[in-house]
There are 2 protein chains.
Amino acid sequence: MVVGTKSPEPRTASAVVAELDRFFSRKIRDAETRGIWLAQLWESAHRCARGGKLVRPRIFLSMVEALRAGTVSSSNPDAVRDARVHETRIATALELLHYSFLLHDDVIDGDLVRRGEPNLIGVLAAAPPDPSFAGAPTAPLSDAQQRRLHWARSSAVLLGNLLLSEVHQIFASLETDEASRSRLLELLDTAITDSVAGEQLDVGLCDGIIPSELGTILEMCRLKTGTYTFELPLRAAAVVAGAPAELEAVLARTGRLLGLAFQLQDDLLSVFGDPVLHGKDAFSDIREGKETALVSYARRTSSWARIAPSLGRETLDEADARSVAAELEACGARAFVEEAIEETLTRIHREAGPDGDASVPEAVSAVVLGIAVELRGRTS
Amino acid sequence: MVVGTKSPEPRTASAVVAELDRFFSRKIRDAETRGIWLAQLWESAHRCARGGKLVRPRIFLSMVEALRAGTVSSSNPDAVRDARVHETRIATALELLHYSFLLHDDVIDGDLVRRGEPNLIGVLAAAPPDPSFAGAPTAPLSDAQQRRLHWARSSAVLLGNLLLSEVHQIFASLETDEASRSRLLELLDTAITDSVAGEQLDVGLCDGIIPSELGTILEMCRLKTGTYTFELPLRAAAVVAGAPAELEAVLARTGRLLGLAFQLQDDLLSVFGDPVLHGKDAFSDIREGKETALVSYARRTSSWARIAPSLGRETLDEADARSVAAELEACGARAFVEEAIEETLTRIHREAGPDGDASVPEAVSAVVLGIAVELRGRTS
């Protein structure tokens, strides 16, 4: 998904890329005062972080722009420039938060691939490059390989912590009034707590600790990805643009719905999507035994006996995985999730569409519906 | 080590305990809005966090008091109370930071015991209680045990992230002037970065990725524990008490030296100390193959051939571990590290003792030397 390809203009997105580059360069330089190893970690992180789709920065920047549309913009060029710097910093922090979560997710899930390339753990574990790390290991790891993998995973935990810290530092040092800063910090806190709660549900469902129920799975989707991907950027935009409280509340509800639709799409893509496009391990959800809405539906059908033995089998080959996908389609799970997405998108239209709440300005509505349209059609 | 048993008065330390209780209760309540699982995690965390020695809060509070001694204290009882609330919040945040680091350290080291009891991971992994989790597992884990352990470790990563976030939130929302808050945030950032850099060196040395050299090991000691345990509390006290820059610089140097001495003592305790007193797995450093100053010295002696095969052997029994300890003593490694500690304590005296830099007030000197004395004699 490339949210907001039309707005904001490419110049604004490239400002985030430039700010990210400056951030990593600064971190590499700072790390050098503590020896080469931390500097090398930041360098690897910089390389792995490149090429991200900047989903969260784009949503934030599009919404700031939409909320400001129609209001008299400052004629003072210094003020305009300062505002842009401020917004770029927040947008960059949102991307760093995402990257921090990805790193810890990959540690927890044991993933070594992201966007079709070795992720940071894969890179650190496999130097010199070792193809056995590109997917599920086929043979038991040697002692030396296990040590490298431990080093790589530990490094990812540690770098994730540094990134999380930096996001807080960026928010805490924003040059804005105390009230706005404190609101933004609160939104950040909520988003982090939701993500942790969602990831905990995800792990507990996978590990068979938490009973698999559709309600829990949908709550997990919303918490794990929805809040920080949609609700946080949209509400942060409302704070930055000084939007009225009712509009922020609409954006909060819309953000939660977008988050749900996004995660449901993600579950579909992992099973039915093209791995070349979505960039993750093909069928990784099936191999890891993820409890998704697809699986929850399938449990209640007669196909379950044929699906269950393959779920969570790390050594599953492609043909077996494809037959699980076919079963998930035949039993109606795919259609069920597709309907759930459509229903969620309809609710989004009701919240923020042109026929919805009259208090939503047209430009704001356009951004929300643009995201919804891209969600429906996304392949990555 | 119970730093500052005399000062600050017990009332102040108990204020931190009370604030920690309030913190965890609030977190449990907040988590309940996201379902029972996160609330249960916070409850387990609260139970496991109890009984800490509050080393960092005590250092901070003792130093604030020492820096204020001799200055005219406010006669306004409201101002005094506000200052105490402010200081208690910082002290509490320092303890939470410590707890966040412990959690992630335990994940990285695979530890299941802390202070002689199952740590958070041990508790979560072993419900219902399972003695096989109380130490190194003796038999391969069943699939169900592996899932519980994965759930437990993932939960510890996630809770560590929440605690780290909360520390930033507490610092960012301190009710003080902007300059002080920004100085405190900067000190926090430095301490976290140092700890990560030190932990990375620790892991890299253990996993054989980073070459074992005494210089690297000493740098690791300083970075991993020294900055956040001593330099951060001492310098934060300087900021809070409005101490002059030169005095803060003395405290920074002293903090680094205290950190080095503390970590060297820790290494000695793990091998030669009484596990009933220090509370960690007996001989865990030897079993985990930690690269300590002891090991670095032993490498260069003729005893090394007898020590090397036992290092990093998870299944090492107590008799074997005791014979490694005896070798480390016989080859002179213990004496070498004890001398290094004495030398470091001498340098601390030079920095902050009564015959040292004349600009160090007597009360400040007394606190620093009190910490040094406790360090020398510590058993836990």
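User: What makes the pairing of Lys224(A) and Asp105(A) a salt bridge?

Analyst: This is a predicted model. In it, the side chains of Lys224(A) and Asp105(A) come to 3.6 Å, N to O. The cut-off is a Lys or Arg side-chain nitrogen within 4 Å of a carboxyl oxygen of Asp or Glu. The value of 3.6 Å meets it, so the pair is a salt bridge.

User: Which parts of chain A does this pair tie together?

Analyst: Lys224(A) sits in helix H8 (residues 214-240), and Asp105(A) sits in helix H4 (residues 77-109). The pair therefore joins parts that are 119 residues apart in sequence.

User: Are Lys224(A) and Asp105(A) buried or exposed?

Analyst: Both are buried. Lys224(A) and Asp105(A) also belong to a network of salt bridges. Asp109(A), Glu199(A), Asp202(A) and Lys290(A) are linked in that network too.

User: How do you know that Arg235(A) and Glu231(A) form a salt bridge?

Analyst: Their closest N and O atoms are 3.0 Å apart. The limit is 4 Å, so the pair qualifies. Arg235(A) and Glu231(A) are 4 residues apart in helix H8 of chain A, which means about one helical turn separates them.

User: Why is Glu231(A) called buried?

Analyst: Its relative accessible area is 5%. Buried means under 20%, so Glu231(A) is buried.

User: What makes Asp320(B) partly exposed?

Analyst: Asp320(B) has a relative accessible area of 30%.

User: Why are H15(B) and H16(B) called roughly antiparallel?

Analyst: Helix H15 (residues 333-352) and helix H16 (residues 362-377) of chain B pack at an angle of about 170°. Angles over 145 degrees count as roughly antiparallel, so H15(B) and H16(B) get that name. Their axes are 10 Å apart. Residues making the contact include Leu345(B) and Ile348(B) of H15(B), and Val368(B) and Leu369(B) of H16(B). The contact residues divide into 6 nonpolar, 2 polar and 2 charged.

User: Why do the copies meet through the same surface?

Analyst: Of the interface residues of chain B, 100% are also interface residues in chain A, so the copies meet through the same surface.

Definitions and conventions:
Residues numbered from 1 in each chain as written. Chains lettered and ligands numbered in written order. Predicted model: local features only at pLDDT ≥ 70, side-chain atom pairs only at ≥ 80, totals over all residues. Heavy atoms only, no water. Contact = heavy atoms within 4.5 Å. Axes fitted to C-alpha atoms, helices over the stretch in contact; angles between N-to-C directions. Helix = DSSP H or I, 4+ residues; strand = E, 2+ residues; numbered from the N terminus. Parallel < 35°, antiparallel > 145°, perpendicular 65-115°, else oblique. Nonpolar A, V, L, I, M, F, W, Y, C, P; charged D, E, K, R; others polar. Buried < 20%, exposed > 50% of the residue type's maximum accessible area, 1.4 Å probe, protein only.
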